[in-house]
Amino acid sequence: MAAFQAGQQLTAAALNSKAPVGHAQTTVVGTATTTSTSYVDAVSGAGLCTQAFVVPASGAIVVTISAAMDNSGGSYTYMTFRISGAAGTVNSLTDNAAIHFGTDDGTHEKTTTVTGLTPGSAGTITATHKVDAGTGTYDYRSITWTPVPA
C-alpha cells in the first residue's frame, strides 16, 4: 500500500482506501504508567494505543479494549477509549472502561457497541487512562474493532 505524498489532495475516498476495513487490532506491548485522575491519552513509557477504522453502513462498531493493569496505591486503575475523526466523536466514559483494583497485576477486558457513527467515514479509536489514586501501570494494551452488520 503506497503512502500519501506531500502536497497530495486528501479525499474521503483516498483516506478510506488506506484505513482498515472490517476487523482490526492494535496491541502495545510496553509498560506505560499514569498518575492522572482524569482520562488522558498519553502515558509515561510506551506510546499511544490507537486503531484506525472506517464506519460500516450500519453506523455501528464493536470496540474491545484490554490491558494488564495494577496500581501502586492499591486503588482503581481504568482504561477506556475515545473516538475521533469524521466518523464522529465519542468521549472517554467510565461505563466503557476496563477496571482494575489493587496492587496485584490483573488482565481486564471490556467490550462496547458504539452506535450513531457516520457510515463510510474514517475515525480513530484511542485508549485513555486514569487512576483514582496511586500510579496505574498498564502492559499489553489492546484495541480491537469489529463492524456491526447493517
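**Contacts along the chain**

I began with the contacts, where contact means heavy atoms within 4.5 Å, and I found that residues 24 or more positions apart account for 79% of those in the protein chain with a separation of 6 or more. I noted that this is a predicted model, in which local features need pLDDT of at least 70 and side-chain atom pairs count only at pLDDT 80 or more, while totals for chains, interfaces and linings use all residues. I also noted that residues are numbered from 1 along each chain as its sequence is written, and that side-chain values use heavy atoms, with hydrogens and water left out.

**Elements and overall form**

I looked up the secondary structure, taking helices (H or I, at least four residues) and strands (E, at least two) as DSSP runs numbered from the N terminus. The protein chain has 1 helix and 10 strands, and from the N terminus on the order is α-β-β-β-β-β-β-β-β-β-β.

I then checked the radius of gyration, which is taken over C-alpha atoms, with a globule rule of 2.2 Å times the number of residues to the power 0.38. The value of 16 Å agrees with the radius near 15 Å that a compact globule of 150 residues would have. The C-alpha trace spans about 50 × 35 × 20 Å along its principal axes.

**Surface and charge**

For burial I used relative accessible area, with buried meaning under 20%, exposed over 50% and partly exposed in between (1.4 Å probe, protein chains only). Of the 150 residues, 44% count as buried. By the Shrake-Rupley method with a 1.4 Å probe, the protein chain exposes about 7100 Å², of which carbon and sulfur atoms supply 53%.

Counting Lys and Arg as positive and Asp and Glu as negative, with His and the chain ends not counted, I recorded 5 positive and 8 negative side chains, and the centres of the two sets lie 13 Å apart.

**The salt bridge**

I searched for salt bridges, defined as a side-chain nitrogen of Lys or Arg within 4 Å of a carboxyl oxygen of Asp or Glu, and the count came to 1. D41 pairs with R82, and their closest N and O atoms are 2.6 Å apart. D41 lies in the loop between β2 (32-34) and β3 (44-45) and R82 in strand β6 (residues 76-84), so the pair ties together parts that are 41 residues apart in sequence. D41 is partly exposed at 22% relative accessibility, and R82 is partly exposed at 26%.

I looked next at H100, which is in strand β7 and is buried, with a relative accessible area of 6%. Leaving aside residues up to four places away in sequence, H100 touches several residues, among them M69, D70, S75 and Y76. The C-alpha atoms of H100 and G136 are 9.3 Å apart, although 36 residues separate them along the chain.

T103 is in the loop between β7 (98-101) and β8 (106-114) and is partly exposed at 48%. With the neighbours up to four places away again left out, T103 touches D70, N71, S72 and G74. T103 and V55, by contrast, are 38 Å apart from C-alpha to C-alpha, at a sequence distance of 48 residues.

**Strand β10**

Which residue other than glycine has a phi near 50 degrees? I found that this is Y140, which is placed in strand β10 and is exposed at 51%. Most residues other than glycine have a negative phi.

P147 is also in strand β10 (residues 136-147) and is partly exposed at 28%. Its C-alpha atom is separated by 37 Å from that of S72, 75 residues away along the chain.

Conventions: The place of a charge is taken as NZ of Lys, CZ of Arg, CG of Asp or CD of Glu.
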